[in-house]
Amino acid sequence: MAQTMPDGATSDEPTDHSPPRPLLSPGVTRPLRPWLLLAPAIVFVTGLFLVPLAGILRLSVVGPDGFTLEAYGAFFTDPFYLRILGRTLAVALTVTVFCILLGYPIAYVAARYGGRLGTALILIVTMSFWTSFLARTYAWMVILGSQGLLSTVLRGLGWEEPPQLLFTGIAANIGMIHILLPFMVLSLFAVMQRIDPSLLKASAGLGATPFQTFRTVFLPLSAPGIINGSALVFIVCLGFYVTPELLGGPQDQMIARLIGSQIEQLLDWREAATMAAVLLAVTLALFAVYDHFFGLDRLWRS
Amino acid sequence: MHQPSPDPFLRLEGVSKRYAGGALRAVDDVSIDIRRGEFLSLLGPSGSGKTTTLMMIAGFELPSDGRIVLSGRDIVGIPAHRRNFGMVFQNYALFPHMTVFDNVAYPLRLRKLAPDAIAETVGRYLEMVGLTSYADRRPNALSGGQQQRVALARALVFDPAVVLMDEPLGALDKNLREQLQFEIKALQRKLGITLIYVTHDQSEAMTMSDRIAVFNAGHIEQIAAPIEIYRRPATRFVGEFVGESNMFEATVSDPQAGVVSTAIGPVRAAAPLDCARDAPVLAMIRPELIRPADAPPADNGTTLTVASIVHFGDRVAVEGSTADGHTVRLRLSDREAAALAPGADLAVSWRPDDVHLLVP
């Protein structure tokens, strides 16, 4: 009876001596499954990201008389635009450096000493993710305003004319550093946590002072975290709009703000699309650099 | 061959380590004298305090009590990086971002040796561990055994006062482990290294050590040469932890004649006993010293019913039970065990020399 059953039907006895069939027939079902799992994401990304992105790119090269690179020419020959692009890169770099300087010690303490202190530190860092960053930006306005907390404290300490902080580049940088710091701390923490503590013991045992151990063992092994975190912070910072807009002054415009004013005030969609494309190109170039270092990270993983 | 000198080179005096406000004693009043050039194993089950003791010697843990004295100087307050001790870890702890050469050169660079002296010394030590052609590799391109050889070279290259090893072969398979045991022992002899070796593997401790300190529950049960530990364990724990044993509770029946009475009958030791009649003792006989006999003698022998026979290839483990249900373990050769079957009667005997009596 078993022999007469159609292929694929359940049977207690195998009809030949080949190994029993797996429940999921490998030829058909398995290669399909990852695609099935990815399908919603693919539809989402294609419909809501890739298609509009192509639209923007198209917008940047289509003039009244068809294809033109006029807008790109205008961008790269206008010293004002280039200065803003340069400033955007410089601000992103500044914010990244400060995130490293502030984030490294936090991640170091959390990863090295662990326990309750480490958990508390990481909890505090992630907690800032739970607050809207708009709310956090407004909070900085309250703190840094001319009648704000900081100025009041400074006046209380006897500084009669405390400097203007709000609506300056400093305020914008402080706000962006505050918002991006968790990305840096978590990137660093993830890598530092993987560093085998016995390597540090081995180094000490071989005669290295704590500082030598840090410099020759811990720091190089945490470098992938610095690179990951920096790439993340730098790239997010390039496109930052709300925080510099609310905390910074008109002289601290970054490229995202410039794109906004191209559309809102000048209705120059082509120039705005061009700037967006340039920003995207810079970001992609940075990802290429990141990819290079990511390979290094792989190399170090034992 | 290097002769250990009798003066203590490294001395632990009443060293203790307490955790959780003193409630937990990881190490309890441990004292050891270690001679220069000696291979000392700290042997014990996990949690017995042997690794904590090693970490205190290395300077990674601070003793709660006691002194650690190196060549007459208390080193408790000296941080690990100034002790000049070589250390080998179970997980190798090689720096993954450095080549094999740079790993071995690391302690020499810290000591600011000239580059050509470093190259020469590192080359010599890499040759010693047979890894000359691997100098430019990264540790993760090496097998476990090769990685541990690099760690070994790195721990020896700066001529440390003492070398500490924390279960260095625990992650390796059996054949490789035995080969590296041999290599470590040969290097230790050749270089005259003072080596403290933590292991839970009693055969490893037996084959490599000049002396073994057997740890149990934070204290040392016995420190002695391996064969002494095996033949004359000081406590029941040592007798049962090191090797297989038959341990019988006994009372002294004739101190002069060295006879005690046990559940398997009277057992006679070779020498008179230094204890009172009816004193409780333990009689230990190693399984390989119990031999098949034609008929059970009046003392030092009994008749067993064979309960189980397990072949190990080179030997056969036989378990028998006495008439009143006490288990006796034997080690026989394949030929001796050939005629045996479960349920058969087996008369056995042992020599008075092979009886070890200990006070429980």
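Modeller: Happy to! Let's start with the residues that touch: in this predicted model, V100(B), N103(B), V104(B), Y106(B) and P107(B) of helix α2(B) meet V150(B), A153(B) and R154(B) of helix α4(B).

Now for the geometry. Two packed helices are described by the angle between their axes and the distance between the axes. Here, helix α2 of chain B covers residues 100–110 and helix α4 of chain B covers residues 144–156; their axes come within 7 Å and cross at roughly 25°. With angles under 35 degrees counting as roughly parallel, α2(B) and α4(B) are therefore roughly parallel to each other. The crossing of this pair, α2(B) and α4(B), is right-handed.

The C-alpha trace of chain B spans about 75 × 45 × 40 Å along its principal axes. Of the 360 residues in chain B, 39% are buried. Among chain B contacts between residues at least 6 apart in sequence, 64% join residues at least 24 apart.

As for confidence, the average pLDDT of chain B is 92, and 98% of the residues score at least 70. Residues 1–5 of chain B, though, have a pLDDT below 50, and this stretch has 11 contacts in the model beyond near neighbours in sequence. Where pLDDT is low, the predicted coordinates should not be read in detail. For the complex, the predictor gives an ipTM of 0.84 and a pTM of 0.81.

Methods
Residues are numbered from 1 along each chain as its sequence is written. Chains are lettered from A and ligands numbered from 1 in the order in which they are written. This is a predicted model: local features need pLDDT of at least 70, side-chain atom pairs count only at pLDDT 80 or more; totals for chains, interfaces and linings use all residues. Axes are lines fitted to C-alpha atoms, for helices over the stretch in contact, and angles run from 0 to 180 degrees between N-to-C directions. Helices (H or I, at least four residues) and strands (E, at least two) are DSSP runs, numbered from the N terminus. Angles under 35 degrees count as roughly parallel, over 145 as roughly antiparallel, 65 to 115 as roughly perpendicular and the rest as oblique. A crossing is left-handed if the near helix is turned anticlockwise from the far one by less than a right angle, and right-handed if clockwise. Two residues are in contact if their C-beta atoms, placed from the backbone, lie within 7 Å. A residue is buried if 20 or more other C-beta atoms lie within 10 Å of its own, exposed if 12 or fewer, and partly exposed in between; C-beta atoms are placed from the backbone. pLDDT is the predictor's confidence in each residue, from 0 to 100.
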